[in-house]
Amino acid sequence: MLKTGQNQVKGILPVTVNSAVGNQTRSGNVSGQGKAIGFIGIGNMGGFMAANLVKAGHSVTVADANADAVKAFVNANAGAKAADSLSALAASSEIVITMLPQIDVVKAVLFGDGGDCLMDGLSEGKMLVDMSS
């Protein structure tokens, strides 16, 4: 159960839920053009969502476990970029979105297993949105 304010999500990260989710964040208007967005998981659902962000004029950098999917996405969506690493994706993005298949994959992407991870590139003021199933 989420309420406005600080909460723990499955004991992983504290999050702040804004009463105007989708309209305002600490850094400004989410609906404005030109946000730097990192998108991880460009499969059946994530690929379409990331493509719509590119079409809306955002700078989108993508990552996926399937390198062929990343290459196909970048080739099909002018302006999209492939991430060099998860930490670089996080460092260069104002908003990071994950669309991953299960919690174990989300944890590995966020915290790594001794390797590259989002937490190494995230810093204060960035937004992390987990839309995983």
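Two strands count as paired if DSSP finds at least two bridges between them. Strands (E, at least two residues) and helices (H or I, at least four) are DSSP runs, numbered from the N terminus. With that in hand, welcome to this predicted model, in which local features need pLDDT of at least 70, side-chain atom pairs count only at pLDDT 80 or more, and totals for chains, interfaces and linings use all residues. Residues are numbered from 1 along each chain as its sequence is written, and side-chain values use heavy atoms, with hydrogens and water left out.

**The sheet**

- An open sheet is built from 5 strands in the order β7-β6-β5-β8-β9, with parallel pairing.
- Its edge strands are β7 (81–82) and β9, each of which pairs on one side only.
- Strand β5 (residues 36–40) pairs with β8 in the parallel sense over 4 bridges, and Phe39 has Ile97 of β8 as its bridge partner.
- β5 also pairs with strand β6 (residues 59–63), again in the parallel sense, over 5 bridges; here Gly38 stands opposite Thr61 in β6.

**A look at strand β8**

- β8 runs parallel to strand β9 (residues 127–130), joined by 4 bridges, and Ile95 stands opposite Met127 in β9.
- From β8 the chain crosses through helix α4 (residues 103–111) to β9 in a right-handed β-α-β crossover (with the strands pointing away from the viewer, the path from the first strand over the helix to the second runs clockwise).

**The nonpolar core**

- A nonpolar core is a set of buried Ala, Val, Leu, Ile, Met, Phe, Trp, Tyr and Cys residues joined through side-chain atoms within 4.5 Å.
- The largest one has 15 residues, and those with the most contacts inside it are Phe39, Ile42, Ala50, Val60, Val62 and Phe73.
- At least two residues of this core come from each of β5, α1 (46–55), β6, α2 (67–76) and β8, with α1 giving the largest share, 4 residues.

**A pocket to explore**

- A pocket is an open set of points on a 1 Å grid over the protein atoms alone, where a 1.4 Å probe fits, with protein on both sides within 12 Å along at least five of seven lines; lining residues have an atom within 4 Å of a point.
- The second largest pocket is lined by 17 residues, of which Gly41, Asp64, Met99, Leu100 and Pro101 lie nearest its centre.

Notes: Buried < 20%, exposed > 50% of the residue type's maximum accessible area, 1.4 Å probe, protein only.
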